[in-house]
Amino acid sequence: MKKTSLIKQIVMFAGFGVLVAACAPKEEALKSGYDWAIPETQAMQDDDFSNPAFMWVDIGNDEWSKTDGEAGKSCADCHGADGSSMKGKSNMYPVYNKDDKKLRSIQDEVNNCRTNRMKAKAWKWESDQMLGMAAFIRTQSRDMPINVAVDGDAAPFFEAGKEFYETRRGGLDMACTHCHVDFPGVKIRANVLTNGLGNGFPTYRLKWQKIGSLHRRFRGCNKNIRAQPFKQGSDEYTNLELYLNHRAKGVMNESPSVRN
Amino acid sequence: MTYRIIVGALTGIVVSGALVTGTMAADYKIVDGTIPQSLTGKAGDPVQGKKTAVNRKKGNCLACHVMPIPEEQFHGEVGPDLGESGSNYSAAELRMRLVDPKVLNPDTIMPAFLVPGKTAVLKKFAGKTILSPQDVEDIVAYLTTLKGSYSK
């Protein structure tokens, strides 16, 4: 009698466990744009020597140890000679910054260092130096998962990014969700829609014949739906970047990737 | 319900060589999720409708739909195949889907071709609809001819 009840208990417990597991929401990572790219594009990214984005990574690498500004400093003076101190860092960006009382992207951090610590001129967002430095820094965290914080001080900025993502806009009156949540993997004319993640940016985009920032890609998306684009580095796009990186949680950083 | 569509600056009227932009209004009445009446009182032209449907700056239907137009490469697959539109839907049903598909499905990705965007619209498209009422009539006329005889 006692034995039976014990077995019964075990069976019930196991059954309950299965039930809980079945009901728990799936925490499955989304797919990278790489997974939907054609083999030729994947091959370009797989080999750093054939990946044209590395021309800009080299620019960033050179700039890293270049002394610039009135303070007579280089990145290497504070952060070490080879950039390895940046390992894992960029995957947490954008992050909330207490001085700015808003998010900072990698590009914001670079320009903060340049203007405040090096007493050098800020770089333009889409300049070769900035793209190169961003790619160089992000490459240090390659093959590590994207992992941003969206709670605490970051929460209101995350919510703003989420709202942007879900709001219909432009002459075509479409939200990001309509393509990137509802139809990933589906063809729109010759192109395949993706989950729209930023895990490979800055990316060498074949259409651009150049490396470019995630915010440049946002502008293209906005213009495609006949919506007013925001500036690269704007609060709106930085908040949106945080939301995208939240969606990309657990997806590997591929920067600098190759995309069409 | 009666909706009023303003097609501002979309309808160009050529007067003695100069392009004059005019404002044209069209009324339409929704009956059980359809728009039975022509928007222009004029029959649509199916030949022009096919051209307008293909035009990337107008209907751009191929972005999302497979259509029996083999001369055009790369048909999108977001929406349903339109090859049997004429068998599956009446002109009144097709007209509704082109004018404002959100009346039938508020979450649809498909743009409303006769309702201007409301949020953050690029200046040059502000207050404008994607198509004119006659463009819609032409596409409706074209779609009603599609009865599935074409095989890809």
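Modeller: Two residues are in contact if their C-beta atoms, placed from the backbone, lie within 7 Å. The model is predicted, so local features need pLDDT of at least 70 and side-chain atom pairs pLDDT 80 or more, while totals for chains, interfaces and linings use all residues. Residues are numbered from 1 along each chain as its sequence is written, and chains are lettered from A, ligands numbered from 1, in the order written.

A:Tyr93 counts as buried because 23 other C-beta atoms lie within 10 Å (buried: 20 or more; exposed: 12 or fewer; partly exposed in between; C-beta atoms placed from the backbone). When neighbours within four places in sequence are set aside, A:Tyr93 is in contact with A:Ser105 and A:Ile106. Of these, A:Ser105 is 12 residues away along the chain, and the two C-alpha atoms are separated by 5.9 Å.

Helix α7 covers residues 155–166 of chain A, 12 residues in total, and reaches 16 Å from the first C-alpha to the last, close to the 16 Å expected at 1.5 Å a residue (1.5 Å times one less than the number of residues). Its buried residues are A:Phe157, A:Phe158 and A:Gly161. Seen down the helix axis, these residues fall within an arc of 105°, so they line one face of α7(A) (directions from the axis to the C-beta atoms).

Chain A is assigned domain 1 (33–48 + 150–259) and domain 2 (54–139), with bounds from an automatic or database assignment. The C-alpha centres of domain 1 and domain 2 of chain A lie 22 Å apart. Across this boundary, 19 residues of domain 1 of chain A are in contact with 17 residues of domain 2 of chain A. On the side of domain 1 of chain A that touches domain 2 of chain A, α9 (214–224) and α10 of chain A are the elements giving two or more residues. There α10(A) gives the most, with five residues.

Terms used
Helix = DSSP H or I, 4+ residues; strand = E, 2+ residues; numbered from the N terminus.
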